[in-house]
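This report covers packing in the chain shown below.

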Amino acid sequence: MVKMSAESREERAVVLQPLTNLLQQLKATAARCGVGAVSRGQRLVGYAGQNLSENNMLRLLLPGTIALLSACTEGKDSQVSVDGDLKTVRSAVESGSDGLAVVLVEVESGEEAMMVTASSSEQVAVEEIVAPDGSSAMYWEDWYGAYSLTSAIYVEGNDTVVNWPVRSTDGGLDAGTWEVHIGVVDGSGYYVSNEALDVVTQTRTDSDLSSGTLSIEIIYAEGVGSNSDVVAATEQAVARWEDIWAAAGLTASISWYDSDLDPTLTDLSEGGSAVISDLSAAGTDSDLMVLIGESIGSYNDVYGISGGIPGPLTESERAAVVISWPTNAGGDGAFSDEDIRLYGETLAHEVGHYTGLFHPVEDGWEYWDALDDTSDCASTADCEAALGDNLMFPYPVCDWDECVHQDDLSGGQQGVMHRYAGTL
Ligand SMILES: [Zn+2]
């Protein structure tokens with residue numbers, strides 16, 4: 001682990017120092033034991049979810065006219081970079097007179113996943129994905145109800161991220177020109193024409209959807225990395241996370257950093273930050289950041305928040321998972337073995353959101369994920385019985401002695417993670 005400045009872009013490439021051997025040694029040490037009351041906090045995700053904001057409501061009342069009216073102005077100065085199986089293209093588009101911008105994604109034969117990250121000074125959200133044959137692959141209104149497919153359709157900030165396909169039932173990624181239609185709206189929910197968007201399109205070649213590796217950077221906020229108890233607990237928790245992922249054919253390739261980040265981390269449920277944007281811009285086009293701090297905004301009962309469902313691989317104000325170590329320590333500042341196990345499940349859970357997974361059911365039991373192999377349960381008792389051991393259950397299920405081991409991932413959930421563009 002080495003010191004990294006949040007401002008220093010140049011240094012970041014040379015401070016990479018994986019501690020693989022240490023992790024291997026720690027892997028076998030996570031044990032289980034009973035503890036008293038475990039803080040029953042929440043795990044949140046950084047999106048507005050089904051709580052329709054005023055903007056969302058306005059948007060519902062102002063459906064976009066059809067894309068024929070849209071400007072379709074892929075930037076003439078596109079920048080292409082290739083990193084192994086992942087191709088990244090940076091360009092710019094502008095919204096048309098109807099407030100819709102059309103992003104073109106050229107998919108070549110053999111490419112299995114695509115991701116579009118778009119940002120603007122106004123608010124943006126994905127409205128539709130159109131396949132090369134002209135058919136509509138995804139339309140926002142179809143996923144605005146009880147079942148959630150992607151947070152890209154929610155108007156929640158100045159950028160939006162969509163990964164396609166999400167599920168096996170969404171079909172493959174046919175070669176040809178795909179279109180991603182992005183609505184640009186102002187603070188009152190009205191469409192904005194002739195607005196510039198920065199766009200990053202990414203396509204990934206990977207014929208094997210049963211095994212994959214994600215590049216993860218774990219970054220300690222200022223002071224956290226010098227707390228040896230927290231570092232030891234985090235390394236053991238990561239071993240728990242790696243075990244959960246291994247059962248799903250997923251490998252986390254982790255590098256560790258210390259930093260001078262403010263330990264009060266950005267509350268990603270309220271939006272991102274320039275610091276996160278700068279950090280993510282300094283990384284590669286395939287890495288994913290996990291920030292470990294002392295709190296998340298003003299929360300003291302939130303274990304962690306993901307920057308989206310899915311989260312972006314490239315520069316963005318919310319290109320991170322933020323984790324509060326004290327909450328994961330159970331609130332008493334000391335990690336028991338049970339705390340460490342839960343901490344590992346929190347890490348795997350939040351990064352699960354980042355790769356595109358919703359909770360199989362939301363607390364309240366009225367909203368579900370779009371997968372057909374996770375229960376559509378409708379009560380606390382039924383949902384805890386059917387899904388309480390699922391990694392993506394919305395909260396830890398605990399009694400006085402311990403919490404249920406939450407490490408199950410359905411085949412459908414595993415498929416979503418393997419289709420994420422950053423799973424190489
Ligand atoms: Zn969650």
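## An enclosed helix

Helix α9 (residues 411-419) is largely enclosed by the rest of the structure, because seven of its nine residues are buried. The model is a predicted one.

The buried residues of α9 are Gln413, Gln414, Gly415, Val416, Met417, His418 and Arg419.

## The nonpolar core

The largest nonpolar core holds 105 residues. Val103, Met114, Ile182, Val290 and Leu291 have the most contacts inside this core. Helix α4 (residues 228-246) contributes the most to the core, with nine residues. Domain 1 (3-49 + 210-419) and domain 2 (54-205) each supply at least three residues to the core.

Take Ile182. Leaving out residues up to four places away in sequence, Ile182 touches Leu100, Ala101, Val103, Ala118, Val124, Val126, Glu127, Thr160 and Leu197.

How do two packed helices get described? The angle between their axes and the distance between the axes are used.

For α4 and helix α7 (residues 337-354), the axes come within 7 Å and cross at roughly 55 degrees. The crossing of α4 past α7 is right-handed.

On the α4 side, the contact is made by Ala233, Gln236, Ala237, Val238, Arg240, Trp241, Ile244 and Trp245. On the α7 side, Ile340, Arg341, Tyr343, Gly344, Glu345, Leu347 and Ala348 make the contact.

Definitions and conventions:
Residues numbered from 1 in each chain as written. Predicted model: local features only at pLDDT ≥ 70, side-chain atom pairs only at ≥ 80, totals over all residues. Core = buried A, V, L, I, M, F, W, Y, C linked by C-beta atoms within 7 Å. Buried ≥ 20, exposed ≤ 12 C-beta atoms within 10 Å, placed from the backbone. Helix = DSSP H or I, 4+ residues; strand = E, 2+ residues; numbered from the N terminus. Domains from an automatic or database assignment. Contact = placed C-beta atoms within 7 Å. Axes fitted to C-alpha atoms, helices over the stretch in contact; angles between N-to-C directions. Left-handed = near helix turned anticlockwise from the far one by under 90°.
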